[in-house]
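This briefing sets out the main features of the structure shown below.

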Amino acid sequence: MLRWQVNFLKYSVFAFISISHPVFARAATEILPDEYKQKIDIAVIRHAVDRPSLLATISWIAQLAQSTQDATVMAELARLEYANAEVETEKSKRIELYKICIDTADKALAVNPDEVGALYWKAIAMGKLSEETGILNALRMTRAMERLFLRVIALDENYGHAGGHKALGRMYYKLPGFPISFGSKEKALFHLKRAYELYPNDIIVRSFYAELLFDMGQKHEARKHAEFILTMPIEKENYFRYQRFIEIARNIVKKDSFLTAR
C-alpha cells in the first residue's frame, strides 16, 4: 500500500487564483492589481532557479496579507509558500513549510470559505505533507483532499489549468479500490478527460491522461500524448516543475516500444 501512496502523492500540480463572488472579486482587483499578480506569477514560475526572489515576494505578500486580512491575498501567500516548500531540500524544514502553507490557507478560508485558491493549495499541501510523513497520514487525509478538490471544481473548474480535475484524476487512478480505499479508473478517466478537454496543451494533464490510457489498454492513444509532451520545448526555469511529468511520457514511449518489438 505504501507504493500507491508514494506514487500518487509525488505528483502535485500548480495553479492560479480566481474569485467566486463579486464582492471578493472587487476586493481582489483593488488589493491585487495585475502588476502584483504578474510579480507573484514570476516568483512561482522561477522558484527553482531564483529562490531569493521567491522569498522576497513571500515577505512582501505576507505583509499585504497581514495589513488587509484579505482572503485572496492570503490564498496567494499560500501558493507562494507551497512553491517555497517544494524547493526546500531539508526534509524537516520542508514539512514545516507545508504546514505553514496549510495554516495560511485555513486563515483565508476563515475569511471566505469559497476562496478557490485557498481550497486548492490546502489540498495540494496536505498531499505533499502526507507524502513526507507516511502512509497513516495519507490514509487520514485522502478523503479530506477529495472534498476540497471537488469544491474547487464546483467553484471554478478552470482554476489552475483544471487543477481540481487533474488532482482528482490522479488520486482516483493511484488509490487502490474498494475495500482498501476509493480509487476508481472510471472516475479518474472522467476527470482527466475533462482536464484534457479544457487544457489540451498542458503537460501535466497530458502525462496523467496518457499514463491512465496506457494502463487501460489504449496504448496507441497514450503514446500520442506522450510524444506530444516530448516534443514540447521546456524553458530552463520550468524544468524543475515539469521533469517528473516528462519522465512519465518517456516511460510510456519506452514501454510501448518494448511491447511493440515483442
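Is Gln 63 buried or exposed? Gln 63 is exposed, because its relative accessible area is 56%, above the 50% cut-off. The coordinates belong to a predicted model, and the protein contains 13 helices and 0 strands.

**Overall architecture**

- In sequence order, the elements of the protein give the pattern α-α-α-α-α-α-α-α-α-α-α-α-α.
- The protein has 262 residues, of which 50% are buried.
- When contacts between residues at least 6 apart in sequence are considered, 67% of them link residues at least 24 apart.

**Nonpolar core**

- The largest nonpolar core comprises 70 residues.
- Within this core, the residues with the most contacts are Ile 61, Leu 80, Trp 121 and Phe 149.
- With residues up to four places away in sequence left out, Leu 80 touches Ile 40, Ala 43, Val 44, Leu 54, Thr 57, Ile 58 and Ile 61.

- Gln 63 is located in helix 4.
- Gln 63 and Leu 77 are 14 residues apart along the chain, and their C-alpha atoms are separated by 9.8 Å.
- Gln 69 occupies the loop between helix 4 (51–68) and helix 5 (71–86).
- Although Gln 69 is not a glycine, its phi is positive, at about 55 degrees.
- Gln 69 has a relative accessible area of 42% and is therefore partly exposed.

**Packing of helix 5 and helix 6**

- Helix 5 and helix 6 (residues 91–111) have axes that come within 8 Å and cross at roughly 170 degrees.
- The two helices are therefore roughly antiparallel to each other, as the cut-off for this class is an angle over 145 degrees.
- On the side of helix 5, the contact is formed by Ala 71, Met 74, Ala 75, Leu 77, Ala 78, Glu 81, Tyr 82, Asn 84, Ala 85 and Glu 86.
- On the side of helix 6, the contributing residues are Arg 94, Leu 97, Tyr 98, Ile 100, Cys 101, Thr 104, Ala 105, Lys 107, Ala 108 and Val 111.
- By class, the residues of this contact of helix 5 with helix 6 are 14 nonpolar, 2 polar and 4 charged.

**Gly 117 in helix 7**

- Gly 117 belongs to helix 7 (residues 116–133).
- The relative accessibility of Gly 117 is 0%, so Gly 117 counts as buried.
- Gly 117 and Ala 75 are 42 residues apart in sequence, yet their C-alpha atoms are 5.2 Å apart in space.

- Ala 162 lies in helix 9, and its phi is near 60 degrees, a positive value in a residue other than glycine.
- Ala 162 counts as buried because its relative accessibility is 0%.
- Helix 9 (residues 159–174) packs with helix 11 at an angle of about 30 degrees, and the axes are 10 Å apart.
- That angle makes helix 9 roughly parallel to helix 11, because angles under 35 degrees fall in this class.
- The crossing of helix 9 and helix 11 is left-handed.
- Helix 9 contributes His 161, Lys 166, Arg 170, Tyr 173 and Lys 174, which meet Ile 204, Val 205, Phe 208, Glu 211, Leu 212 and Asp 215 of helix 11.
- The contact of helix 9 with helix 11 consists of 5 nonpolar, 1 polar and 5 charged residues.

**Packing of helix 11 and helix 12**

- The axes of helix 11 (residues 203–215) and helix 12 (residues 219–231) cross at roughly 155 degrees and come within 8 Å.
- Helix 11 is therefore roughly antiparallel to helix 12, and the crossing is left-handed.
- From helix 11, Ile 203, Arg 206, Ser 207, Tyr 209, Ala 210, Leu 213 and Phe 214 take part in the contact.
- The residues in the contact of helix 11 with helix 12 comprise 9 nonpolar, 2 polar and 4 charged.

Note on methods:
Residues numbered from 1 in each chain as written. Predicted model: local features only at pLDDT ≥ 70, side-chain atom pairs only at ≥ 80, totals over all residues. Heavy atoms only, no water. Axes fitted to C-alpha atoms, helices over the stretch in contact; angles between N-to-C directions. Helix = DSSP H or I, 4+ residues; strand = E, 2+ residues; numbered from the N terminus. Parallel < 35°, antiparallel > 145°, perpendicular 65-115°, else oblique. Left-handed = near helix turned anticlockwise from the far one by under 90°. Contact = heavy atoms within 4.5 Å. Nonpolar A, V, L, I, M, F, W, Y, C, P; charged D, E, K, R; others polar. Core = buried A, V, L, I, M, F, W, Y, C linked by side-chain atoms within 4.5 Å. Buried < 20%, exposed > 50% of the residue type's maximum accessible area, 1.4 Å probe, protein only.
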